[in-house]
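My notes follow, in the order I looked things up.

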Amino acid sequence: MVTEADWKNWKKEDFKPYLDVVVEAFGTKRIMFGSDWPVCLVATSYNEMLSIVEDYFPSFSKEEQEKIFGLNAIRFYNL
């Protein structure tokens, strides 16, 4: 998402409304973390981009976070 924002002036909180829509539309059973690395490097580091998402989900249960950050991908891709 950072590549679609103002590369020099975005803030983490800019992405909250978009993440809210994704979670509301699909729920934690149907979303998974992914990135556009290395493209995101034009706007920020990989770790900073990752922190946008990590900072959004602390209020979610451990189980929901595990789904978003791995288990949903394992299930979807039959890994």
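Predicted model: local features only at pLDDT ≥ 70, side-chain atom pairs only at ≥ 80, totals over all residues.

**Salt bridges**

I looked for salt bridges (a side-chain nitrogen of Lys or Arg within 4 Å of a carboxyl oxygen of Asp or Glu) and the structure holds five. Residues are numbered from 1 along each chain as its sequence is written, and side-chain values use heavy atoms, with hydrogens and water left out.

Side chains of opposite charge can pair when their charged atoms come close.

I checked Asp20 first, and its side chain meets that of Lys16 in a salt bridge, 2.9 Å from N to O. Both lie in helix α1, four residues apart, about one turn of the helix; helices here are DSSP runs (H or I, at least four residues), numbered from the N terminus. For cover I used relative accessible area: buried is under 20%, exposed is over 50%, and partly exposed is in between (1.4 Å probe, protein chains only). Asp20 is partly exposed at 29%, and Lys16 is partly exposed at 45%.

Next I went to helix α3. Glu66 forms a salt bridge with Lys62, with the closest N and O atoms 2.9 Å apart. They are separated by about one helical turn because they sit four residues apart in α3. Glu66 is partly exposed at 36%, while Lys62 counts as exposed at 62%.

Also in α3, Glu63 and Lys67 are four residues apart, and their side chains meet in a salt bridge of 3.3 Å, N to O. Lys67 has 18% relative accessibility, so I put it down as buried.

**Helix α2**

Which residues of α2 are buried? I found Met49, Leu50, Ser51, Ile52, Val53 and Tyr56. What covers them includes α1 (16-26) and α3. I zoomed in on Ser51, which is buried at 11%. A polar atom of the Ser51 side chain lies 2.7 Å from the backbone oxygen of Glu48.

**Around Ala73**

Ala73 is in helix α3. Is Ala73 buried or exposed? At 19% relative accessibility, Ala73 counts as buried. Leaving aside neighbours within four places in sequence, Ala73 is in contact (heavy atoms within 4.5 Å) with Met32, Asn78 and Leu79. Met32 is 41 residues away along the chain, yet the two C-alpha atoms are separated by 6.3 Å.

I then followed Leu79, which lies in the segment after α3 (62-76) and is exposed at 74%.

How values were computed:
Helix = DSSP H or I, 4+ residues; strand = E, 2+ residues; numbered from the N terminus. Polar contact = N/O pair within 3.5 Å; in protein donor to acceptor, adjacent residues only side chain to side chain.
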